[in-house]
Amino acid sequence: MNKKQVQRSLVISTLLATFVAWAGSQNGQEFNEIPLYALCVILGFAINWLAFIPAFRLQTEKFFDLTGSLTYISLTLFALSMSTRLDQRSILLGSLVILWALRLGSFLFQRIHKAGKDDRFDAIKPNFLRFLNTWTLQALWAVLTAAPALIAITAVERKEMGVLGMLGLGLWLAGFFIEVLADQQKTRFRKNPENKDRFIQNGLWSKSRHPNYFGEIVLWIGITLIAIPVLQGWQWIALISPIFVTLLLTRVSGIPMLEAKADKKWGEEEDYKSYKKNTPILIPKL
């Protein structure tokens, strides 16, 4: 990205977050006449921008993923602690988001601690604006992805869980199980010295080339379904969450980058060509 593109990205991210903060705050609770959900959005960006300062000075990305997880946890705990209308739905949504963030955050932190670095940041870290943009996008990622949970927790409307809520919980459990199992299978595969410089194609990875991403998309759809019954008016902006997650993982920073990296490394191998031809890129084959 050149300078103008980075500047454009920063502006768009900030404007999008501002709009979502306004929309998600409609029919929501307030603190000192300030919408509670809007405060969550502000807090999300503040955490990442503050973390960016030592990260840039030290030229390190080692606590980038950890900061992302802490952002989810902090926003959720803040919403729960400030809400005056906690109910079963709010507590469930908060618990599911925190559990997911704790699991994924610890997994990613251990991975980068073992690897020592993340190659994706090599060309980004020295550039102030590009590195700042990365942290800004992480804040936007947390704010948009967690929108259904945070909006529902801070909403005024309260309803029983109902069938839709239970369906959402079932989807979350399924997605969480798939994501965790896929990560564990890949970790075990990489620990085996015999698999050095090889690609994984067993377990869930024989059904999908990116089963962990499939699991993540499914669990956020589950979160959204749990939140839907209490959404009103502009609060329906919360539906941006599963759409954003899907687009991010399938069109931006997830699958495209990993597929390009895999093609460069194994693209000429017949086994990989066969695996790629016969294995769906995302949705597992039955």
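Let's start with E270, which forms a salt bridge with K273, the closest N and O atoms being 3.6 Å apart. By salt bridge I mean a side-chain nitrogen of Lys or Arg within 4 Å of a carboxyl oxygen of Asp or Glu. Both E270 and K273 sit in helix α11 (residues 270-278), three residues apart, about one turn of the helix. Helices here are DSSP runs (H or I, at least four residues), numbered from the N terminus.

Before I go further, a word on where this comes from: it is a predicted model, where local features need pLDDT of at least 70 and side-chain atom pairs count only at pLDDT 80 or more, while totals for chains, interfaces and linings use all residues. Residues are numbered from 1 along each chain as its sequence is written, and side-chain values use heavy atoms, with hydrogens and water left out.

Now, is E270 buried or exposed? E270 is exposed, with a relative accessible area of 57%, and K273 counts as partly exposed at 38%. The cut-offs are under 20% relative accessible area for buried, over 50% for exposed, and partly exposed in between, using a 1.4 Å probe and protein chains only.

How many salt bridges does a search of the whole structure find? The search finds nine. One of them joins E61 and K125, with the closest N and O atoms 3.0 Å apart. E61 lies in the loop between α2 (36-58) and α3 (64-82), and K125 in the loop between α4 (88-115) and α5 (128-145), so this pair ties together parts that are 64 residues apart in sequence. E61 is buried at 2% relative accessibility, and K125 is buried too, at 12%.

Next, R209 and E259 meet in a salt bridge at 3.0 Å, N to O. This pair links distant parts of the chain, as R209 is in the loop between α7 and α8 and E259 in helix α10 (residues 255-266), 50 residues apart. Both R209 and E259 are buried. They also belong to a network of salt bridges that links R209, E259, D263 and K276.

Finally, the helices on either side of that R209 loop. The axes of α7 (residues 162-191) and α8 (residues 211-227) come within 7 Å and cross at roughly 160 degrees. That makes α7 roughly antiparallel to α8, a label used for angles over 145 degrees. By class, their contact has 16 nonpolar, six polar and three charged residues.

Notes:
Axes are lines fitted to C-alpha atoms, for helices over the stretch in contact, and angles run from 0 to 180 degrees between N-to-C directions. Helices (H or I, at least four residues) and strands (E, at least two) are DSSP runs, numbered from the N terminus. Angles under 35 degrees count as roughly parallel, over 145 as roughly antiparallel, 65 to 115 as roughly perpendicular and the rest as oblique. Ala, Val, Leu, Ile, Met, Phe, Trp, Tyr, Cys and Pro count as nonpolar, Asp, Glu, Lys and Arg as charged, and the others, Gly among them, as polar.
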